[in-house]
Amino acid sequence: NRSGGMFLDLLIHGIDALEWMTGLKIQSILARTGNIGYENEVNLRNHASMYCELSNGGTAVIEGQRMLPQTKGSDYRVMIAGTQGVLDMDMAAGTVFCTNQESVGMKVPLPERMSVVETWLKGSPIVNTEHSLRANRIAVIATEGAITGKKIVIDDSF
């Protein structure tokens, strides 16, 4: 009820990771969210997804679930598809699965986890302020898109 919803609380990490990993920008989104199983909690959203169109013509799907069993270990994932292959980032497993013409289902470990706060304090942030604000803005836009049910084009002219 107080988290700001699935996009601001959870999928924002996938938005940030998607643009950081690929160097591409999300150009438009179609977002959905809902509440399954808790009808009396009118403000609760326990699942969400975003279909993203990317600046190179590729697509990505970011999804999050708050309904997974504790043993799952992660409640969001990112899948990116393009002409050169597919990346499927599974945070619970700590891996990215890559499929392209040369490799089918190659498992690549994620980089070692780093503290964002520590990198800020050292003066070399992993993600700069501009990228962080962009991820926040897209999360707010995704929330609006999920409410209205409309596809939203990301306007970078602000």
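**The nonpolar core and its surroundings**

Tutor: Of the 158 residues in the protein chain, 30% count as buried. Please bear in mind throughout that this is a predicted model.

We may now turn to the core itself. The largest nonpolar core contains 32 residues, and Phe7, Leu18, Ile26, Ile29, Met50 and Cys52 have the most contacts inside it. Two or more residues are contributed by each of the following: helix H1 (6-22), strands E1 (26-34), E2 (47-54), E3 (59-65), E4 (76-82) and E6 (95-99), and helix H3 (129-148). H1 supplies the largest share of this core, namely 8 residues.

Ile29 shows how such a residue is surrounded. With its neighbours within four places in sequence left aside, Ile29 is in contact with Met50, Tyr51 and Cys52, with Ile138, Ile141 and Ala142, and also with Lys150, Lys151, Ile152 and Ile154.

Arg134 belongs to helix H3. This arginine counts as buried because its relative accessibility, 9%, is under the 20% cut-off. Ile26 has already been named among the core residues with the most contacts, and Ile154 among the contacts of Ile29.

A second example is Asp90, which is found in strand E5 (residues 85-90). Since its relative accessible area is 13%, and buried means under 20%, Asp90 is buried as well. Asp90 and Tyr76 are 14 residues apart in sequence, while their C-alpha atoms are 7.8 Å apart in space.

Finally, let us consider the outside. The protein chain exposes about 10000 Å², of which carbon and sulfur atoms supply 55%. A nonpolar patch on the surface is formed by Leu30, Tyr51, Val61, Met79 and Val86, which together have about 350 Å² of accessible area. Leu30 lies in strand E1. Its relative accessibility is 34%, between the limits of 20% and 50%, and therefore Leu30 counts as partly exposed. Tyr51, another member of the patch, is also one of the residues in contact with Ile29.

Definitions and conventions
Residues are numbered from 1 along each chain as its sequence is written. This is a predicted model: local features need pLDDT of at least 70, side-chain atom pairs count only at pLDDT 80 or more; totals for chains, interfaces and linings use all residues. Side-chain values use heavy atoms; hydrogens and water are left out. A nonpolar core is a set of buried Ala, Val, Leu, Ile, Met, Phe, Trp, Tyr and Cys residues joined through side-chain atoms within 4.5 Å. Buried means under 20% relative accessible area, exposed over 50%, partly exposed in between (1.4 Å probe, protein chains only). Helices (H or I, at least four residues) and strands (E, at least two) are DSSP runs, numbered from the N terminus. Contact means heavy atoms within 4.5 Å. Accessible areas come from the Shrake-Rupley method with a 1.4 Å probe; for residues, only the protein chains shown count as cover. Patches are made of residues with over 30% relative accessible area and no salt bridge: like charges are joined within 9 Å, nonpolar side chains (Val, Leu, Ile, Met, Phe, Trp, Tyr) within 5 Å. A salt bridge is a side-chain nitrogen of Lys or Arg within 4 Å of a carboxyl oxygen of Asp or Glu.
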